Amino acid sequence: MMSANDNVQKYLPLTESTYYILLALLEPAHGYAIMQNVEQMSEGTASIGPGTLYGAFSTLEKEGLIAKHHEEERRKYYMLTEKGRKVLAAQIRRVEIMARIGSVAALQLQPEQRA
Amino acid sequence: METERICKFKWFWPWQDEQEEAWLAAMSEAGWHFGGMAGPAMYSFARGEPTRYVYRLDWQDKSKQQLSDYRQLFQDAGWELVTEYSGWHYFRKVAVPGQTADIFTDVQSKIAKYERQFAFMSMMSVIFLPIIVATMDSVASPFAKVAIFVMLLLLVVEVGIAAGLWLRIHQLKRLGAISA
């Protein structure tokens, strides 16, 4: 039998796109709003195309990480599920470790430090 | 004055969609804008102002009704759906210098597009096989012989397309092992 923790672990690590999509779905949002939000949140380092987002919606919905919230003029609004929130929280912990170790390494990578 | 139109025959295999996109963009730069398919591999173009467009292709096998939110999403993101032809969706957007415009922004979703076609082609081949066998069993009339020959030819093409897609998928998967 799979424990609740394994149920979260099997999704980790998330791809960069999935990570940002889940972040953008803390509040109900539709596709284009998510695309704009990701662009802004990531300071332009990440962008999600409509083809990628459409595919992500169906996969994430099938896996129960997001759910349809409502529909407005052919625009589907999605939101994180309880399972999705758990996965996102676990991913954030991983990202925090990566960022911490990365900021130490970044000091060593600066050219003046190498002399 | 009536718009000048031309029709061009050009063959692209399903895994050559990036070449197809580049070709359509080059045609638009030369002032010939893609308007739709006049038939298999028959591209219809209309004369217009030379424009730098980015063309992008997707393949979906769902019905139009099922794809209404899909079309809305692309439209919201500034992509014009030029036409739809046997599952292929042709999108375009005016190119902005220094900006990349893509409908698929990671390797996984690019792979998924080819996998959808691969599944479709494999299914078609599997459906074809028993039909061919059943036809072989029936009376060996000249008509049945021709029919078997044509179906075998189609089967070879289908299997060939599936194999080509499979190679493309694996090429992308190698790339996907190091970056998203």
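This note goes through a helix pair in chain A and then the contact between chain A and chain B.

1. The model is predicted, so local features need pLDDT of at least 70 and side-chain atom pairs count only at pLDDT 80 or more, while totals for chains, interfaces and linings use all residues. Residues are numbered from 1 along each chain as its sequence is written, chains are lettered from A in the order in which they are written, and side-chain values use heavy atoms, without hydrogens and water.

2. In chain A, the axes (lines fitted to C-alpha atoms over the stretch in contact) of helix α2, residues 16–24, and helix α4, residues 50–62, come within 11 Å and cross at roughly 75 degrees. Because angles of 65 to 115 degrees count as roughly perpendicular, α2(A) and α4(A) are described in that way.

3. Where these helices are in contact (heavy atoms within 4.5 Å), A:Ser17, A:Thr18, A:Ile21 and A:Leu22 of α2(A) meet A:Thr52, A:Leu53, A:Ala56 and A:Leu60 of α4(A).

4. Between the chains, 18 residues from chain A and 20 residues from chain B take part in the contact. Chain A and chain B bury about 1,600 Å² between them, 56% of it on carbon and sulfur atoms, where buried area is the accessible area (1.4 Å probe) lost on being put together, summed over both parts. On the chain A side, A:Pro50, A:Tyr54 and A:Arg74 lose the most area, together 41% of what that side buries.

5. Two salt bridges (a side-chain nitrogen of Lys or Arg within 4 Å of a carboxyl oxygen of Asp or Glu) are counted between chain A and chain B. A:Lys76 forms a salt bridge with B:Asp69, with the closest N and O atoms 3.2 Å apart.

Key
Axes are lines fitted to C-alpha atoms, for helices over the stretch in contact, and angles run from 0 to 180 degrees between N-to-C directions. Helices (H or I, at least four residues) and strands (E, at least two) are DSSP runs, numbered from the N terminus. Angles under 35 degrees count as roughly parallel, over 145 as roughly antiparallel, 65 to 115 as roughly perpendicular and the rest as oblique. Buried area is the accessible area (1.4 Å probe) that two parts lose on being put together, summed over both.
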